[in-house]
Amino acid sequence: MRLSVELIPRDAATLRRDAALVREHFPLADMLNVPSLMRFPMQGWDAVPLLRPIVPRVVPHVRAIDIDPDGPLPGVDVAGLTDVLVVRGDPPADLSRRTFPNSSESVIRRYRREAPHLTVYAAFDPWRRAPWREMEAVARKKEAGAAGFFTQPVFDMRTLDLCMGWLEGERVFWGISPVIGPKSRSYWETTNHVVFPHGFDLTLEANIAFAVRAIGAIGAAGGHVYLMPLRVKLDAYLGPIQQALG
């Protein structure tokens, strides 16, 4: 079982600091994954040489709509890079920013063709569309060459069990993210259309308890986990999980 932590690349100094906190408070993590976000100049693949001295395996996210079909693929020449995660990406709010009409599948195919030394992951999202459509997308991404999937976070055991049934037999990193307070809940409901179970507990303690329980179930099933510690102090969230898991 692999355990990863997702870190936001705000700037080099913050990224190094956050990686050091992960190393200190959650040494079970043997991987970091880093998204590429439009609001920050640093992209996921830029973070690889900064982070590998701290945690040797780093998985950058690549937004398909940012990839020029006539340009080079990002990250293919980065020393020590072994994996990439291809996501489609949301259109930019700034319409002056150039994007390209790529699908995730087309970019996955390019990586498999032009950088066969890399393991390519794709995204799985149980929230944004009907499950049968998402499973059709899973089949297309596998056909394009995806070796596995990183999921959008799940927030309760029933949803996790259901999705694990859908993706049985696949290599999957299951996303887990704390939801602390009503603003955090509103973010997930508005942005990702998450449906929380009745009585969902928004305390840090309840989120830590769910993470520990979910990691245990995922590990028993042979899966992998990435933690997305949004809007929470890394030590306050990761430290107790480390202690519970031993």
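Helix 6 (residues 181–192) comprises twelve residues and spans 17 Å from its first C-alpha to its last, close to the 16 Å expected at 1.5 Å a residue; the expected span is 1.5 Å times one less than the number of residues. Helices (H or I, at least four residues) and strands (E, at least two) are DSSP runs numbered from the N terminus. The model is predicted: local features need pLDDT of at least 70 and side-chain atom pairs count only at pLDDT 80 or more, whereas totals for chains, interfaces and linings use all residues. Residues are numbered from 1 along each chain as its sequence is written, and side-chain values use heavy atoms, with hydrogens and water left out.

Gly-181, Ser-184, Trp-188 and Asn-192 are the buried residues of helix 6. They lie on the same side of helix 6 because they cover an arc of only 40° around the axis, the arc being that of the directions from the helix axis to the C-beta atoms. Pro-182, Lys-183 and Thr-190 are exposed on the other side of helix 6. Here buried denotes under 20% relative accessible area, exposed over 50%, and partly exposed in between (1.4 Å probe, protein chains only).

Helix 6 is followed by His-193, which lies in the loop between helix 6 and helix 7 (204–220). Phi of His-193 is positive, near 60°, in a residue other than glycine. His-193 is partly exposed, with a relative accessible area of 45%. Arg-231, likewise not a glycine, has a positive phi of about 55°. Arg-231 belongs to the loop between strand 8 and helix 8 (234–245) and is exposed, with a relative accessible area of 58%. Most residues other than glycine have a negative phi.

Strand 8 (residues 224–227) is covered on both faces, with His-224 and Tyr-226 buried on one side and Val-225 and Leu-227 buried on the other. Strand 1 (residues 3–6) runs parallel to strand 8 and is joined to strand 8 by three bridges; two strands are taken to pair if DSSP finds at least two bridges between them. Val-225 in strand 8 is the bridge partner of Leu-3. Strand 7 (residues 172–176) also runs parallel to strand 8, with four bridges between them, and Phe-173 stands opposite His-224.

In strand 3 (residues 58–63), Val-59 is buried, with a relative accessible area of 0%. The C-alpha atoms of Val-59 and Met-31 are separated by 7.5 Å, although the two residues are 28 apart along the chain.

A search of the whole structure returns one cavity of 30 Å³ or more. On a 1 Å grid over the protein atoms alone, a cavity is a set of points where a 1.4 Å probe fits but cannot get out, and a pocket is an open set with protein on both sides within 12 Å along at least five of seven lines; lining residues have an atom within 4 Å of a point. Grid points are joined across faces, edges and corners, and a volume is the space filled by probe spheres set on the points. The largest cavity holds about 40 Å³, and its lining residues include Phe-155, Ile-176, Phe-200 and Tyr-237. The second largest pocket holds about 160 Å³. Among the residues lining this pocket are Trp-174, Gly-223 and His-224.
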